[in-house]
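Subject: Structure for your files, with notes

Dear colleague,

My notes on what was found in it follow directly after.

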Amino acid sequence: MKAPENTPTTARELRVATSEAQFNSMLLNIFYRLGELNFSAGWDDNTSQQLLVELSHIYPIEHAMLATEQAGTLTIANTVGQTLPVGSRMSMIGQMASILKAPVTFNALQSNDLRWCTATNSGELKAWLLPLSYAKKSCGLLALAGKTLNLAETELSPLHAICGLWGHAFYKALSPATQ
C-alpha cells in the first residue's frame, strides 16, 4: 500500500512536520485565547500583556515591545524581556516612522532600530518592526528581538493577523466612547 503524498517518509521529515503542527497549534491557541479574553473580560492591558507573553513562547523572542501611537508618539503599553519601561514615550523617527506612515500597509521590517531594547547584547539581536493598524490607520507598533529571530513568510502571516486584531483593539481603546 502506498503512503499518501503528504505523509513524512523519513525521520527528518517527521520532525519537521511535527514541529510545524506544534507551531500551528500554538498559534491557533493564541487566536482562541484572544477571542476568549475579549468575550469574557473585554480588552485591557492585562489581555494585551498575556498575549504578548504567549507570542514570545511561540517565536524565538527574547525581547518585545507593544506600543500605542498617538500624534506621532509611541507609548509603550506592554513588554517582554529587557525593554524601556511601560509608559515610556518614544518619538517615531527613522524606521519606526516609515513603517507607520499612512496609509499603513503590513510591511514587517527587519530593523536595526533597537532604541526600545535595553539588553546589553543588543548588537547580537535580530529585530523586527510590525505595524498595528485599523483601517490602514496607525494604532501602534510591535517590536520583536531575539538572537535567532528569523521570520519567514509562513511566520509573518499569523503575525499580520495578530497585529490587525491588536490594532483594532487599540483603536477602540484609544477612541472616544461612542454609545
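I begin with the largest pocket, whose lining is made up of S19, E20, Q22, F23, N24, M26, I58, T154 and E155. The elements that contribute two or more residues to this lining are α1 and α4, and α1 provides the largest share, 6 residues. The pocket holds about 220 Å³ of space, and its lining residues divide into 3 nonpolar, 4 polar and 2 charged. For these classes, Ala, Val, Leu, Ile, Met, Phe, Trp, Tyr, Cys and Pro count as nonpolar, Asp, Glu, Lys and Arg as charged, and the others, Gly among them, as polar.

Before going further, please keep in mind that this is a predicted model, in which local features need pLDDT of at least 70 and side-chain atom pairs count only at pLDDT 80 or more, while totals for chains, interfaces and linings use all residues. Residues are numbered from 1 along each chain as its sequence is written, and side-chain values use heavy atoms, with hydrogens and water left out.

On a 1 Å grid over the protein atoms alone, a cavity is a set of points where a 1.4 Å probe fits but cannot get out, whereas a pocket is an open set with protein on both sides within 12 Å along at least five of seven lines, and lining residues have an atom within 4 Å of a point. Grid points are joined across faces, edges and corners, and a volume is the space filled by probe spheres set on the points. The helices and strands named in this message are DSSP runs numbered from the N terminus (helices: H or I, at least four residues; strands: E, at least two).

Still in helix α1 is L28, which counts as partly exposed at 42% relative accessibility. The C-alpha atoms of L28 and P158 are separated by 9.3 Å, although these residues are 130 apart along the chain. For accessibility, buried means under 20% relative accessible area, exposed over 50%, and partly exposed in between (1.4 Å probe, protein chains only).

Turning to the strands, S111 is found in β4 (residues 109-111) and is buried at 9% relative accessibility. Its side chain is joined to that of Q95 by a polar contact of 2.6 Å; such a contact is a pair of N or O atoms within 3.5 Å, where, within protein, one must be able to donate a hydrogen and the other to accept it, and residues adjacent in sequence count only if both atoms are side-chain atoms. Not counting residues up to four places away in sequence, S111 touches Q95, A127, W128 and L129, contact being taken as heavy atoms within 4.5 Å. D113, in the loop between β4 and β5 (126-134), is likewise buried, at 10%, and, with neighbours within four places in sequence left aside, is in contact with I93, Q95 and M96.

Which cysteines are paired in disulfides (cysteine sulfur atoms within 2.5 Å)? A search of the whole structure finds 0 disulfides. The sulfur of C117 is 18 Å from the closest cysteine sulfur, in C163, and this is too far for a bond. For C163, the nearest cysteine sulfur is that of C139, 11 Å away. C117 is buried at 8%, and C163 is buried at 1%.

Some backbone details also deserve a look. A cis peptide bond with omega of about -10° joins A102 and P103, and P103 has its place in the loop between α3 (95-99) and β4. A71, in the loop between β1 (63-70) and β2, has a positive phi of about 50° although it is not a glycine, and this residue is exposed at 83%. A135 also has a positive phi, near 55°; A135 lies in the loop between β5 and β6 (137-146) and is exposed at 58%.

With best regards

Definitions and conventions:
Disulfide = S-S within 2.5 Å.
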